[in-house]
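Subject: Structure handover

Hi,

Here is the structure you will be working with. Please open it beside this email and follow along.

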Amino acid sequence: MATTQQCRTALERLAANLADADDDVRSAAALERSVSCHLTDLDTTFTGRLVHGRIEDMATVHGPPPGRAQIRLAMTSDDLVSLVDGRLNFARAWARGRVRLEAGLRDLLRLRSLL
């Protein structure tokens, strides 16, 4: 099981990767949406805002998300670290139920290029 700090570091790397991505990925992530990532094994949620390909105002709360973010992820801490490290394919993990992604249809269509 990854630690909360390892997960925070992974999310910060993900944010940096989005900010440095090529035009197609950056435009797909150029949403302004609230986001949450619930780590089921740690019972911890990271919340923030996705703003033009960057994750801003990241906060950590114990338990499930305190509110309903516009883009919601749920997975284990190890899966989060593996996804960011490139050892786990997001689309396969999502299809197998290891990662849950909930968002509006329009957001899902824009985010599909990130998958």
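Is C37 buried or exposed? C37 is buried, with a relative accessible area of 4%. Buried means under 20% relative accessible area, exposed means over 50%, and partly exposed lies in between (1.4 Å probe, protein chains only).

Some ground rules come next. This is a predicted model, in which local features need pLDDT of at least 70, side-chain atom pairs count only at pLDDT 80 or more, and totals for chains, interfaces and linings use all residues. Residues are numbered from 1 along each chain as its sequence is written, and side-chain values use heavy atoms, with hydrogens and water left out.

**Overall layout**

The protein chain has five helices and five strands. Helices (H or I, at least four residues) and strands (E, at least two) are DSSP runs, numbered from the N terminus. Along the sequence, the pattern reads α-α-β-β-β-β-α-α-β-α. The protein chain has 115 residues, and 40% of them count as buried.

**The cysteines**

Back to C37. It sits in strand β1 (residues 32-39). Leaving out residues up to four places away in sequence, C37 touches T44, T45, F46, L73 and M75. Contact here means heavy atoms within 4.5 Å. C37 and I71 are 34 residues apart in sequence, yet 8.7 Å apart in space, C-alpha to C-alpha.

How many disulfides does the structure hold? It holds zero. A disulfide is a covalent bond between the sulfur atoms of two cysteines. The cut-off used is a pair of cysteine sulfur atoms within 2.5 Å. The sulfur of C37 has its closest cysteine sulfur in C7, 7.6 Å away, too far for a bond. C7 is buried too, at a relative accessible area of 0%.

**Helix α3**

Now look at residues 77-85, helix α3. Seven of its nine residues are buried, so α3 is largely enclosed by the rest of the structure. The buried ones are S77, D79, L80, V81, S82, L83 and V84. Just after α3, G86 takes a positive phi of about 85°.

**Salt bridges**

There are four salt bridges. Each is a side-chain nitrogen of Lys or Arg within 4 Å of a carboxyl oxygen of Asp or Glu.

D85 pairs with R13, with the closest N and O atoms 2.1 Å apart. D85 lies in helix α3 and R13 in helix α1 (residues 4-19), so this pair ties together parts that are 72 residues apart in sequence.

D79 and R98 also meet, at 2.5 Å, N to O. D79 lies in helix α3 and R98 in the loop between α4 (90-95) and β5, so the pair ties together parts 19 residues apart in sequence. Salt bridges that share partners join R13, D85 and R87 into one network.

E102 and R72 form another salt bridge (3.3 Å, N to O). E102 is in strand β5 (residues 100-103) and R72 in strand β4 (residues 71-75), so that pair ties together parts 30 residues apart in sequence. R72 is buried at 14% relative accessible area, while E102 is partly exposed at 36%.

**Backbone angles to check**

D43 is not a glycine, but its phi is positive, near 50°. D43 lies in the loop between β1 and β2 (44-51). D57, also not a glycine, has a positive phi of about 55°. D57 lies in strand β3 (residues 54-62) and counts as exposed, at 62% relative accessibility.

Best wishes
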